[in-house]
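We will walk through it stop by stop, from the whole chain down to single residues.

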Amino acid sequence: MANSSIAQPTSRKGLFARGRGAGRQLEWWQQLLLQAFCLTVAISVLFPIMWIVTLSFKEAGSARPLKLEVIPSSISLSSYQAVIEQPLSKSAGDISFWKLMGNSFFLAAGVSFFSVMIGVSAAYAFSRLNFVGRKLIFLSIGFILLMPGIATLAPLFAMLAKISTSLEILRIIYFTMAGLLVAGLALMTISRVRSDDFRAGSAAFLVGGLAVAALFLWGGTQIEIPKNARPFELGRSLYGVGLAMISGALPFAIWNLKGYLDTIPKELEEAAIIDGASPNQIFFRIILPLATPALAVTAFLGFMAGWTEFALTARFINKADNYTLAIALQTMTGQYATVSWSNFAAMSIMISLPVSIVYLALQKYIVGGLTLGGVKG
């Protein structure tokens, strides 16, 4: 028998009585206004994208359209073909489309990897350790988030432009880093064999690591340094742009990851300590696996920022060999009367397509990772 003292859910009323939703119920006129507002927002966002897609299917070299045409009257892929064959104008330099994509991927992947690796270490320190000035330093990092990234362009360029070295010294540093990597993997192998903890997964990891290290060493021997080569300028390379971008991506990574690590119960670490786990084992085998959703969303946002970055690259890079896709898109604008709008639209679609596909595939994890960081318990 139903208890009359308990409030029963009311049935929906009006035109949308059969609709299902997780939120509170609205009157029919409220539903109508809300859906009209959502449709207006959706159309205002989707219409420019649909027009760009339509424009990209026009013949290569098409001028500025004089009328709105959302549905294409004819479909041609010549603009995409023209962009792949000649992504830059002849006056801007000579570089292939795939080289541009490789530079963009190198920059985006580097920013994503290092911002996550450094950010999760710093976030763990802010979340679990007590040291002098912890709150003040964390608040200062949050304050940096309020500043526009372009504000730090001038000091970063002035600092990185002064760092230059010869290619011979750069090669020595390269081989030193590769040698340290090989030595570290060898020590890990010896340590695992002596502790009788050498499993199949460990063997596969170590073999893969040694293969990557050997590839690094082989790649270094294949680099030829021409005579009278100019010194390497950090501020004029993608490495300099990457360092500048990592410094801008770290505050968000630390802030986002710290909020998520706070939700992981400390009792798990205390139980691991009782079982004899070391601090490194707790961090790598307990904290990092549990923080996978937050790591994924931070890595994706860092990758997307590096993939679409323009301001720093345009200011730092002065050689066509180091151009990225965003710079190539900017060089296509040229003089207003000579812009090939169909090629410009095709280039825009090709730049945004990889990130859009990954975002749509991982959308629920990205939204979940962002919201979980703000929930306690």
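**Before you start**

This is a predicted model, in which local features need pLDDT of at least 70 and side-chain atom pairs count only at pLDDT 80 or more, while totals for chains, interfaces and linings use all residues. Residues are numbered from 1 along each chain as its sequence is written, and side-chain values use heavy atoms, with hydrogens and water left out.

**Stop 1: the whole protein**

Show the cartoon first: the protein has 15 helices and two strands. These are DSSP runs numbered from the N terminus, with helices being H or I of at least four residues and strands E of at least two. Of the 377 residues, 31% are buried; buried means under 20% relative accessible area, exposed means over 50%, and partly exposed is in between, with a 1.4 Å probe and protein chains only. Among contacts (heavy atoms within 4.5 Å) between residues at least 6 apart in sequence, 72% join residues at least 24 apart.

**Stop 2: the largest nonpolar core**

Next, select Val83, Val241, Leu312, Phe316, Tyr323, Leu325 and Met347. They have the most contacts inside the largest nonpolar core, which has 40 residues. Such a core is a set of buried Ala, Val, Leu, Ile, Met, Phe, Trp, Tyr and Cys residues joined through side-chain atoms within 4.5 Å. Colour the helices that each supply at least two of its residues: helix 2 (78-85), helix 3 (97-128), helix 5 (153-160), helix 8 (238-261), helix 11 (292-307), helix 12 (311-316), helix 13 (325-331) and helix 14 (341-361). Which helix gives the largest share of this core? Helix 8 does, with seven residues.

Apart from this core lies another, of 16 residues; Ile282, Ala291, Ala294 and Leu295 are among them.

**Stop 3: helix 2 and Val83**

Now zoom in on helix 2, where Ser78, Ser79, Tyr80 and Val83 are buried. Helix 1 (28-56), helix 3 and helix 14 are included in what covers these buried residues. Centre on Val83: not counting residues up to four places away in sequence, Val83 touches Phe97, Met332, Asn343, Ala346, Met347 and Met350.

**Stop 4: the second largest pocket**

Helix 4 (134-145), helix 8, helix 11 and helix 12 each supply at least two lining residues, and the largest share, eight residues, comes from helix 8. By type, the lining divides into 16 nonpolar, seven polar and one charged. Here Ala, Val, Leu, Ile, Met, Phe, Trp, Tyr, Cys and Pro count as nonpolar, Asp, Glu, Lys and Arg as charged, and the others, Gly among them, as polar.

**Stop 5: the salt bridges**

How many salt bridges are there? The count comes to two, where a salt bridge is a side-chain nitrogen of Lys or Arg within 4 Å of a carboxyl oxygen of Asp or Glu.

Select Arg128 and Glu269, whose closest N and O atoms are 2.4 Å apart. Arg128 lies in helix 3 and Glu269 in helix 9 (residues 266-274), so this pair ties together parts 141 residues apart in sequence. Arg128 is buried at 15% relative accessibility, and Glu269 is buried at 9%.

Then select Asp262 and Lys258, whose side chains meet at 3.0 Å, N to O. Asp262 is partly exposed at 24% relative accessibility, whereas Lys258, at 16%, counts as buried.

**Stop 6**

- Thr54 lies in helix 1 and is buried at 4% relative accessibility. Leaving aside neighbours within four places in sequence, Thr54 is in contact with Glu69, Val70, Ile71 and Pro72.
- Thr263 sits in the loop between helix 8 and helix 9 and is buried, with a relative accessible area of 14%. Draw a C-alpha to C-alpha distance from Thr263 to Ala291: 9.7 Å, for residues 28 apart in sequence.
- Ile317 lies in the loop between helix 12 and helix 13 and is buried at 7% relative accessibility. Its contacts, leaving aside neighbours within four places in sequence, are Arg236, Ser237, Leu238, Val241, Asn322 and Tyr323. The C-alpha atoms of Ile317 and Gly235 are separated by 7.9 Å, though the two are 82 residues apart along the chain.
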